[in-house]
Amino acid sequence: MKTNTQANRPGAPNFHGVKGPALNPVQELQRSIAACFLWEDGFYEDGTTVAQRVHDLVQKIPDTDLLSRLAIACRTQWNLRHAPLWLAVAMVESPKHRIALSGLLPEIIRRPDELPEFLSLYWKNGKRPLAAQIKKGLARAFGRFNEYSLAKYNRADAPIKLRDVLFLCHAKPVDDAQAALWKRLIDGELATPDTWETAISAAGPDPAAKSAAWTRLLAENKLGALALLRNLRNLNAAGVKGELVADALKRADVSKVLPFRFLAAARNSNWPMLEPDLEAAMLASAQALPKLAGTTVLLIDVSPSMNWSKVSEKSDMTRRDAAEALAMIARETCERVRIFAFSSRIAEVPARRGFALSDAIRSAVEPNGTLLGGAVNYVNRLPDIDRLVVITDEESQDPVPGPAAKEGIMINVATTRHMVGWGPWTRIAGFSENVFRFLATDPAALQP
């Protein structure tokens, strides 16, 4: 998400004391939310601080339509689940923004489990009544789900259950079939869904039964892309044929899978023969992206803060992994490319493709300090550069000049509050491959 193109007013210093341009509330909210997994700590800020800042910034922004479009972009373009719900919760505080929730909630609630998740966020600091617009929005969202999806996400052990949401929002069925479906939900009589969880649970401890269950799920295309990536180790342990898994990866809809998930799968699956298939699945998302003409320099931040900060508590992937995955996607979109890694020094990286590029970036320089300014100064002396793309958590121990190239793009894969870098930078936050679609878009269309 683009946060600004150029600013000349000095803002507050970053965590190293270096000042960058000032942000208005819209810009600050965009960069805080686009790469945000709620309440997950980063290197420079804890998750509670980021979540509170997002909440407070919403109150400072009068444009309800902009907030709604930002929440929808979080869900549909950046594939974030909790961040858009939190934006909606923050909008409740303003009577002006609250009116939009009846239409917004159905747009950002795309899975049944997000219905109780919204209420859990709404009641995070204690129970309170539901506004009429919240009830209408939840009711509209509820009506979109069929029996399979309701049963799949109907958690009997959850503090807030789907039936609780149904009672609270007073949803009205559109016909007798939907009325009967909701009665089965209330009575706990939904048909058991054929999901991978139920199938593997039913197989029990028998290895042969588990292998047969996984094989059937693959053959019937019952594993979603993310479930497939996360279960590669289990599939391997069950003795499932690698050829079946490779074929499933070719068929999987990976459009909603963030690029770094493929890198995680390759590192954690202990299944080397599948690396080419995982790599191909990840790079497939780049095929539909607009191509960037001319010569592009990619400048990848490998400083200690990038390597320390996990994208989430349940993941062992870092912001540097996210940056490397984006670099792999960018490599495919550039007509000509030079790639550099930087920390306290800078080094050029062979313009390899796929996972080999990640390995090359990782070994290029020792993580030690963050001299982004020095790295940009180095690149600025290179001849015939059309575009400089920096992928970073946007912290620096030295002042960062503007780009000498025709275009300068700063991609922030963290939620760091303050910007660095003066001059005509276009700033984008997030770690979805869609950041590269934005680069080839009319700048006026980049605002949410």
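## Phe262 in helix α17

In this predicted model, Phe262 lies in helix α17, which spans residues 260-268. Its relative accessibility is 3%. Buried means under 20%, so Phe262 counts as buried.

What does Phe262 touch, beyond its neighbours within four places in sequence? The contacts are Leu229, Val254, Val257, Leu278, Ala281, Met282 and Phe355. Take Leu229, one of these contacts. Leu229 and Phe262 are 33 residues apart in sequence, yet their C-alpha atoms are 7.1 Å apart in space.

## Helices α16 and α18

Two of the residues that Phe262 contacts, Leu278 and Ala281, also belong to the α18 side of a helix pair. The partners are α16 (residues 242-251) and α18 (residues 275-287). Their axes come within 9 Å and cross at roughly 5 degrees. Angles under 35 degrees count as roughly parallel, so α16 and α18 are roughly parallel to each other.

Helix α16 brings Ala246, Leu249 and Lys250 to the contact. Helix α18 brings Asp277, Leu278 and Ala281. By class, the contact has 4 nonpolar and 2 charged residues, with no polar ones.

## The buried side of α10

Helix α10 runs over residues 162-169. Which of its residues are buried? Leu162, Val165, Leu166 and Cys169 are. They are on the same side of α10 because they cover an arc of only 100 degrees around the axis.

After α10 comes His170, with a positive phi near 55 degrees.

Notes
Residues are numbered from 1 along each chain as its sequence is written. This is a predicted model: local features need pLDDT of at least 70, side-chain atom pairs count only at pLDDT 80 or more; totals for chains, interfaces and linings use all residues. Side-chain values use heavy atoms; hydrogens and water are left out. Helices (H or I, at least four residues) and strands (E, at least two) are DSSP runs, numbered from the N terminus. Buried means under 20% relative accessible area, exposed over 50%, partly exposed in between (1.4 Å probe, protein chains only). Contact means heavy atoms within 4.5 Å. The arc is that of the directions from the helix axis to the C-beta atoms. Axes are lines fitted to C-alpha atoms, for helices over the stretch in contact, and angles run from 0 to 180 degrees between N-to-C directions. Angles under 35 degrees count as roughly parallel, over 145 as roughly antiparallel, 65 to 115 as roughly perpendicular and the rest as oblique. Ala, Val, Leu, Ile, Met, Phe, Trp, Tyr, Cys and Pro count as nonpolar, Asp, Glu, Lys and Arg as charged, and the others, Gly among them, as polar.
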